[in-house]
Amino acid sequence: MHLVDVQHLSRSFGNVRALRDVTLSLEPGTIGLIGNNGAGKSTLLKVLLGLLKPDSGGGTIMGCDISHGTSELRGRVGYMPEAAAIVPMLKGVEFVTFGGDLYGMPHRDARRRAHEVLNYVGLGELRYRRLEEYSAGNLQRLKLAAALVHDPQLLLLDEPTNGLDPAGRVAMLQLLEDLIAETGKSIFLCTHLLGDVERLCRQIVVLDRGTVVRAGTMSEMRDQVSNRYELSWMGPAPAFRAALVVAGVEFADPTDEGQTKVMTVVPANFSTTTFFEIARAAGAVLTELKADEENLERLFFRVTEQASQTSAAV
Amino acid sequence: MQIDQAHYHGWQGQLQSPWVACLAIVRVALLQVFRNKAYWFVLALGMLRFLAFWTIIYAVTQLSLPPDMRQQFLKLFGFSANVDADQNNGYIMFMAGQGVIVMILLAFSGSLLVGSDFRLNSLPFYLSRRIDKRHYIVGKLLAVSSVIAILTVLPALLLFFEYGMFTASTAYWVDNWRIAVSVLAFGSVICVVNSILLVTISAYLQRIVPITITWASIFLLLGRLGDLLQWSTKDDFWFLLDPWRDMRLVGRLCFGTFNRDIDRELAWWALLILTSLCTISLAALVRRVRAVEIVE
């Protein structure tokens, strides 16, 4: 069963189309939802949780209908909102207990669970502090605890590291990493901080202006650029470069004739041993041959740029 | 055996109906109110009248007097344990007299109990759980009603209980059961109307100053305006401008006793006014409560 399976979701706010025909099928695991500000990430998250009704389309999360089965769905999903979302005058443990009460847990269970999850997220010592006294980092941990209190199968996290200092961000990511490793829970992480997604997520959904421009695993997306290699060599540069061109290899970036380090794009079915054969024939010695590991940032800019070009052409 | 706190532990239990969460909303709301020292001050002010009446009833019932004399004594202090010639009783008068302090307490409570949910974007915290806007609204209405009941219905019933207890006879409770019903009826009207109006106003205005100004305008300004217009035109219908008086009239309607014929007619108009006001307010509230702030 898919974790998320939605078809043709659209949602508008007045004249602004926040989501356009979004169709997704995602497997259980860690999923990163990335996009620029205003791309529709939070809107998609809220539609998936049933907080917003889609104008058209529908789908399921863990088999629960997002339009009609919201009560059952929310019993299995924990949501950590981006906003402060605190209840004034409460202490940390009361806030998390209240979160459990609102999920429908028996009050005694909710209180016991609140102590457990607060210990787990590292707020055991601070549980009796008023919410107004929590730092931004601890408040994020507290909201995570409130989302975990009923032991959901899926966590929807909306910008969990937003507003945190570098140390707080690292600590939060470490906590999430440990949680994923220990419990195997699925996580749907919505953020514009690509580093967070790169560190935590195996599957990625790239949203741009309300449209899904790419969805898949990190390795699948990187496969599409596995035809790029970085080469360094010693020996005659012009001769080796000319031999590469004859073999159908292209240069990714404009380079000088004398340059001995280049990024290449190879044709289909090109074997890397061919590089050595061409070098030997040209009298050069390869000193470095490295497949280009495109990081998420470059991948993101590439796919969003492609999407922009496609929409401009249409 | 030491408890393992370092690792994650699951939870396997049955989730209850979302309606049970309404009680959690009430519990947390009362916790919020009683955590605030300023509220204790207002509550203490509100309890002064109750303590005064409690002491008077206690003192008078300890005197060896015939029942009629006891009533006369109580009347000296402005309290009537039985329904008097004007169809009033001390308990209802006590609740009506609590009006000003209830209004002050509610003006401050609105921002804390409801306004902060909107101001601090806490609605997604509520509505992303298993409750929806119906549960949220009912929970908040019950929470505000509880605050009102603490200052009105509860003390009035305690006074009724006290009088019966200290006269050492259950006959008082049996003979005057209609008084307890009238207290509950009037209390219900106060709770329902005030909670709906306060929650709606707080949902839109959110901050304490605008809420207090609006609240005071409704309950003080309109009341004085109604008195003024009635005085100048001699038309009792102007009294209906005062929501607190409307609530009293509707409370009497529940009990069925009126000391003037015109009041019976006015009570039906008051019921119409309050019903319309509450319906419009509820519609506005339902429209306002949503998990996502939509800026169009």
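**Entry 1: B:D236**

I looked up the polar contact between the side chains of B:D236 and B:Q230, and it spans 2.7 Å. (A polar contact is a pair of N or O atoms within 3.5 Å; within protein, one must be able to donate a hydrogen and the other to accept it, and residues adjacent in sequence count only if both atoms are side-chain atoms.) The model is predicted, so local features need pLDDT of at least 70 and side-chain atom pairs pLDDT 80 or more, while totals for chains, interfaces and linings use all residues. Residues are numbered from 1 along each chain as its sequence is written, chains are lettered from A and ligands numbered from 1 in the order written, and side-chain values use heavy atoms, without hydrogens and water.

Is B:D236 buried or exposed? B:D236 counts as buried because its relative accessibility is 14%. (Buried means under 20% relative accessible area, exposed over 50%, partly exposed in between, with a 1.4 Å probe and protein chains only.)

I placed B:D236 in the loop between α11 (208–233) and α12 (243–255) of chain B. (Helices are DSSP runs of H or I, at least four residues; strands are runs of E, at least two; both are numbered from the N terminus.)

**Entry 2: a sheet in chain A**

I then traced an open, antiparallel sheet of four strands in chain A, ordered β12-β13-β11-β14. Its edge strands are β12 (250–251) and β14 (285–291) of chain A, each pairing on one side only. (Two strands pair if DSSP finds at least two bridges between them.)

Strands β11 (228–234) and β13 (261–265) of chain A pair over five bridges, antiparallel. There I found A:Y229 opposite A:T264 in β13(A).
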